[in-house]
Amino acid sequence: MSSLFARVFRQARITFEQTAIGDAKFAGHLNTLRHLLGQLTLADLNLDPSLVATETFQQPTKAPCTFVDVYENDRFAISVFVLRENYTMPLHDHPSMHGLLRVISGAVQIRSYTELARRDSVTTTSSMAAADGVLGSGSGTAFRQRHVLVAAEPEKIISSSVGAESCALLTPDERNYHEITAIGGPAAFFDILSPPYNTNQPQHISFYRKVPVPRHLAEVELGSPGEEKPLAPQPDDDRPRYVLESIPNPENYYCDTVEYEPPDFLYTDDGADRTSDGQRK
């Protein structure tokens with residue numbers, strides 16, 4: 001296990017545990033973390049190279065995505081995702097989060113979007129099916145649906161080459177909706193999210209489909225029905241606009257998991273207890 005991963009972990013603790021987001025030092029700590037992440041490799045994590053082998057994903061029962069749970073506390077989570085070639089992790093959000101994504105094997109294409117306005121409502125799965133032209137009976141399952149007006153950011157292709165620019169960054173206000181596609185073969189990326197999804201905060205992952213909208217309609221803020229109002233003028237912003245519509249969890253998104261053997265510093269650094277077999281209590 002490399003000392004670089006230990007430095008990344010300790011810098012993540014400094015950034016997300018020991019510094020408030022509003023602190024003047026936060027941006028500097030986040031930039032230092034991004035720089036360190038830009039050097040991280042698959043070998044630094046002591047992960048088996050077979051995880052990203054094409055042959056692994058040719059097995060008939062293999063999920064298109066592999067999830068490796070590396071570390072989590074109530075301030076941040078670290079994980080690794082491995083995607084089959086040409087597989088796209090569906091469009092999803094990261095509510096109120098900072099996130100850093102470092103490709104440690106292969107290459108990915110990232111399509112990111114920045115929220116401009118939103119509207120929430122309650123709908124049913126049956127009404128969504130009817131809107132898609134699927135006829136059926138029954139009332140369906142009620143769920144909260146969200147429509148989000150977003151601006152599309154430039155697409156990025158990120159590979160495992162070394163450098164801070166090879167580490168993607170999202171914030172609570174920018175690029176916090178995205179979809180990720182493995183290109184040119186399987187790809188693995190290392191992920192840090194703060195705060196994690198399963199904190200006590202009222203947040204969870206939501207998935208979306210993208211709906212193009214005419215530019216004149218894209219300048220209307222999504223308030224309650226009948227209460228829409230123009231967005232503040234942004235004459236220099238020519239980014240394409242879309243509406244993202246929340247959907248139930250896509251059936252084609254599922255992962256298998258791989259157990260991670262954690263290095264000792266993940267626990268000695270934060271004082272976490274471990275059981276006799278090395279697992280965290």
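Visitor: Before we get going, what does "buried" mean here?
Guide: Buried means under 20% relative accessible area, exposed means over 50%, and partly exposed is in between, using a 1.4 Å probe and protein chains only. This is a predicted model, where local features need pLDDT of at least 70, side-chain atom pairs count only at pLDDT 80 or more, and totals for chains, interfaces and linings use all residues. Residues are numbered from 1 along each chain as its sequence is written, and side-chain values use heavy atoms, with hydrogens and water left out.
Visitor: OK, so is C65 buried or exposed?
Guide: C65 is buried, at 0% relative accessible area. C167 counts as buried too, with 0% relative accessibility.
Visitor: Switching topic, where does T171 sit?
Guide: T171 is in the loop between β7 (167–170) and β8 (177–194). Strands are DSSP runs of E, at least two residues, and helices are runs of H or I, at least four, numbered from the N terminus.
Visitor: Buried or exposed, that T171?
Guide: Buried, with a relative accessible area of 12%.
Visitor: What is T171 in contact with?
Guide: Leaving aside neighbours within four places in sequence, T171 is in contact with M97, H98 and N176; contact means heavy atoms within 4.5 Å. Also, a polar atom of the T171 side chain lies 2.9 Å from the backbone nitrogen of E174.
Visitor: Zooming out, how many helices and strands are in the chain?
Guide: The chain has six helices and 13 strands. Of its 281 residues, 47% are buried.

Methods
Polar contact = N/O pair within 3.5 Å; in protein donor to acceptor, adjacent residues only side chain to side chain.
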